[in-house]
Amino acid sequence: QDADKWRRFELAVQEPMQTMPQLLPPRLPRIPTKKTRDPYLAVLIPFDLHIDKLCARTGVDRARERLTAGVSQILKYVQAFGKPQRWLTSSGGDWFNSDNFQLTTLHGTPQKHAKGFPSMAKEGCQLKVDLLEMMRAVAPVTYLSVKGNHDPSLEVLSGYWLAGQYQKEK
C-alpha cells in the first residue's frame, strides 16, 4: 500500500515538477512608471481560479486568458498612481481544481478536469510564474501561498517550487 502511494506521488507531483524549471519565461522588460511622492503597497490577490476545471468556457487556457486580461487591467490602473514600492500577491484559495492524482479535493470530492492532474499541476505552476513576472515588471513582489479546500497539498508544494525558482533573486 505504501509503495502504491509513492508511485502515485511520483506520477502526480515529482515527474511534472521536474520539467517545470524549463518552463520559466524570459524576464519581462521593466515597465516605465511615473514616480510617486507617497510610497504605497499594491495588493493583488487572485483566488478561486480552479485551473483545469471542466465546464463551459474553462480549462487551463481559459484560466490563463482570464488571469492575464484581469492582471493587465489592474497593472494599468495601479500605474496611474505611480510606481508602487512593492506588490503583495498570493495565489491559492483553490488556484488548482483538485489536490491529487485521483482528481479529488482534500476531502475526497471528485472534480471534473479538462486535461488531468499532471497537466494541471505543470500549467498551474507556470501560470503563477507568469503572474509574478507581470508584476515584477512594475515593482518587487512579496508572494504568499494560501491553501484552499480543493488544493491544500498542491498549493504548498507549488509554493516551495516557486521559492526554489526565485531563491537567487533575494
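Which residue forms a salt bridge with K128, and how far apart are the closest N and O atoms?

Analyst: The partner of K128 is E155, and the closest N and O atoms of this salt bridge are 2.7 Å apart; the term stands for a side-chain nitrogen of Lys or Arg within 4 Å of a carboxyl oxygen of Asp or Glu. Because E155 belongs to helix α4 (residues 152-165) and K128 to helix α3, the pair ties together parts that are 27 residues apart in sequence. Both E155 and K128 are buried, where buried means under 20% relative accessible area, exposed means over 50%, and partly exposed lies in between (1.4 Å probe, protein chains only).

The model is a predicted one, in which local features need pLDDT of at least 70 and side-chain atom pairs count only at pLDDT 80 or more, while totals for chains, interfaces and linings use all residues. Residues are numbered from 1 along each chain as its sequence is written, and side-chain values use heavy atoms, with hydrogens and water left out.

The pair is one of 4 salt bridges in the structure. Another joins D130 to R64, with the closest N and O atoms 2.4 Å apart; since D130 sits in helix α3 (residues 117-136) and R64 in helix α2 (residues 60-79), this bridge ties together parts that are 66 residues apart in sequence. Here both ends are partly exposed, D130 with a relative accessible area of 21% and R64 with 27%. E123 and K115 also form a salt bridge, with their closest N and O atoms 3.5 Å apart.

Helix α3, which holds K128, also takes part in the largest nonpolar core, a set of 29 residues in which L49, I51, L67, V71, W87, W95 and L131 have the most contacts. The elements that give two or more residues to this core are β1, α2, α3 and α4, and α3 gives the most, with 10 residues. A core of this kind consists of buried Ala, Val, Leu, Ile, Met, Phe, Trp, Tyr and Cys residues joined through side-chain atoms within 4.5 Å. One of its members, L67, touches P46, L49, W95, L127 and L131, leaving aside residues up to four places away in sequence, a contact being heavy atoms within 4.5 Å.

These elements belong to a protein with 4 helices and 3 strands, arranged along the sequence as α-β-α-β-α-β-α; helices (H or I, at least four residues) and strands (E, at least two) are DSSP runs numbered from the N terminus. Among contacts with a separation of 6 or more, 82% are between residues 24 or more positions apart. Buried residues make up 41% of the 170 residues.

Elsewhere, the structure holds 1 aromatic pair. The ring centres of Y77 and F81 are 5.3 Å apart and their planes are at 75°, so the pair is edge-to-face; rings of Phe, Tyr and Trp (its six-membered ring) pair if their centres lie within 6.5 Å, and planes under 30 degrees apart count as stacked, over 60 as edge-to-face and the rest as tilted. Y77 is exposed at 55% relative accessibility, whereas F81, at 49%, is partly exposed.
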